[in-house]
Amino acid sequence: MPVVPVPEVRDVVGKALAQAGIPSENAAIQLEILLEAELRGIPSHGLLRLDRIIQRIANGVANPHTRGRFTWRSRGFLSVDGQMGLGPVVAKAALDAIQERARETGVALAAVNNSNHIGMLGWYAEKVAATGQILIALSTSEALVHPWGGRKALIGTNPIAIGVPAEGELFVMDTATSIVSMGEIHDHAHRGAPIPSHWALDSNGSPTTDPVKAKNGAIAPFGGAKGYSLGLAFELLVTSLAGSAIGTDVRGTLDATEVCNKGDLFIVIDGPQAHLSAYLDIIRSTEPADGFERVLVPGDRARACREKYLVGGLPIVDEVWERLQVLAKTPLLPQQHTNQRAHV
């Protein structure tokens with residue numbers, strides 16, 4: 001597995017996005033979220049997704065130009081038609097709008113549909129928290145998770161991220177309601193690495209350590225019945241507000257051909273800030289249990305990983321790095337745009 005200096009990775013990915021015809025400002029957003037996922041040790045949401053993003057543009061199910069169409073349903077409720085835009089581009093534009101509105105109203109939310117995969121939710125949580133506001137972010141996915149006690153995938157991985165301002169290090173929590181994301185299953189398959197037997201079921205509903213079989217099966221909810229309940233609640237909440245597809249009708253975050261019809265929900269809260277750092281430092285300084293070096297606050301591990309990779313370079317799976325270099329040298333052919341169905 002090559003270890004590549006971050007500036008070289010940034011250059012190659014930037015060229016690949018340019019070859020795909022993505023406007024520079026939109027490409028910069030897409031590049032940053034993919035690279036930040038890698039830097040924070042979340043390759044499942046990182047560079048391995050770039051090939052699919054470009055394929056989706058070529059197949060007319062991702063529009064690299066639009067930032068979405070906005071409709072204010074009330075003073076603090078923004079409804080967003082993503083117009084099949086790149087997920088991070090549409091999400092960032094929606095967040096900019098509701099952050100500004102929340103400074104007037106105290107709370108504002110954006111419900112997004114008809115947009116592509118938005119990537120690592122923690123990236124948005126950190127961006128908002130850094131401005132002194134709080135963010136709660138939710139997203140749905142294809143039915144990849146089996147209900148507690150079931151054998152078939154019926155619910156999305158349905159992640160949640162929460163960003164809270166704090167002096168010094170921000171609080172950033174980002175987790176799926178499944179025990180892992182499907183992207184992590186794909187990452188194991190890319191690396192030829194087995195998965196723990198409690199992560200997923202195969203297509204017959206039996207536990208498996210084979211990530212390829214898991215891709216066609218069902219992921220377990222985290223924490224048993226509790227993770228299942230949260231995942232289902234988030235799916236109902238996002239779907240009801242965004243008007244997006246639900247359950248087994250959701251498509252488009254793991255393939256290159258289907259219109260993406262999942263939903264996203266962002267809630268920004270603007271208000272007085274408590275002094276949180278001292279409390280978080282108490283948690284960090286508490287005596288660790290046996291088997292642990294120290295106690296971490298959510299976000300600490302990702303920041304340490306980022307600092308390490310910025311200095312030492314990114315380890316990238318050979319297959320992914322080779323494909324990125326091909327994409328950086330291969331323009332998207334004009335005829336590949338003829339099926340473009342999105343409207344700017």
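## The sheet

In what order do the seven strands of the open sheet run? The order is S2-S3-S4-S10-S5-S6-S7, and the pairing is mixed. This is a predicted model. Strands S2 (69–74) and S7 (171–175) are the edge strands, and each pairs on one side only. From one strand to the next, the twist averages 15 degrees.

Look at one pair in detail. Strand S5 (residues 134–139) and strand S10 (residues 263–269) pair in the antiparallel sense, over six bridges. Ile-136 has Ile-267 in S10 as its bridge partner.

## Helices on the sheet

Helix H5 packs on the sheet. H5 touches S5, S6 (160–164), S7 and S10, and its direction makes about 20 degrees with that of S6.

Helix H8 (residues 225–242) packs on the sheet too. H8 touches S2, S3 (77–85), S4 (107–115), S5, S6 and S10. Its direction makes about 90 degrees with that of S10.

## H2 against H5

Helix H2 (residues 24–39) meets helix H5 (residues 121–129). Their axes come within 9 Å and cross at roughly 110 degrees. Angles of 65 to 115 degrees count as roughly perpendicular, so H2 is roughly perpendicular to H5. H2 brings Ile-29, Glu-32, Ile-33 and Glu-36 to the contact, while H5 brings Trp-123, Tyr-124 and Lys-127. Four of these residues are nonpolar, none polar and three charged.

## H1 against H11

Helix H1 (residues 6–19) packs with helix H11 (residues 318–329) at about 50 degrees, with the axes 7 Å apart. That angle makes H1 oblique to H11. The crossing is left-handed.

H1 residues in the contact include Val-9, Val-12 and Val-13; those of H11 include Trp-321, Leu-324 and Leu-327. The whole contact divides into eight nonpolar, two polar and three charged residues.

Methods:
Residues numbered from 1 in each chain as written. Predicted model: local features only at pLDDT ≥ 70, side-chain atom pairs only at ≥ 80, totals over all residues. Heavy atoms only, no water. Axes fitted to C-alpha atoms, helices over the stretch in contact; angles between N-to-C directions. Helix = DSSP H or I, 4+ residues; strand = E, 2+ residues; numbered from the N terminus. Parallel < 35°, antiparallel > 145°, perpendicular 65-115°, else oblique. Contact = heavy atoms within 4.5 Å. Nonpolar A, V, L, I, M, F, W, Y, C, P; charged D, E, K, R; others polar. Left-handed = near helix turned anticlockwise from the far one by under 90°. Pairing = 2+ DSSP bridges.
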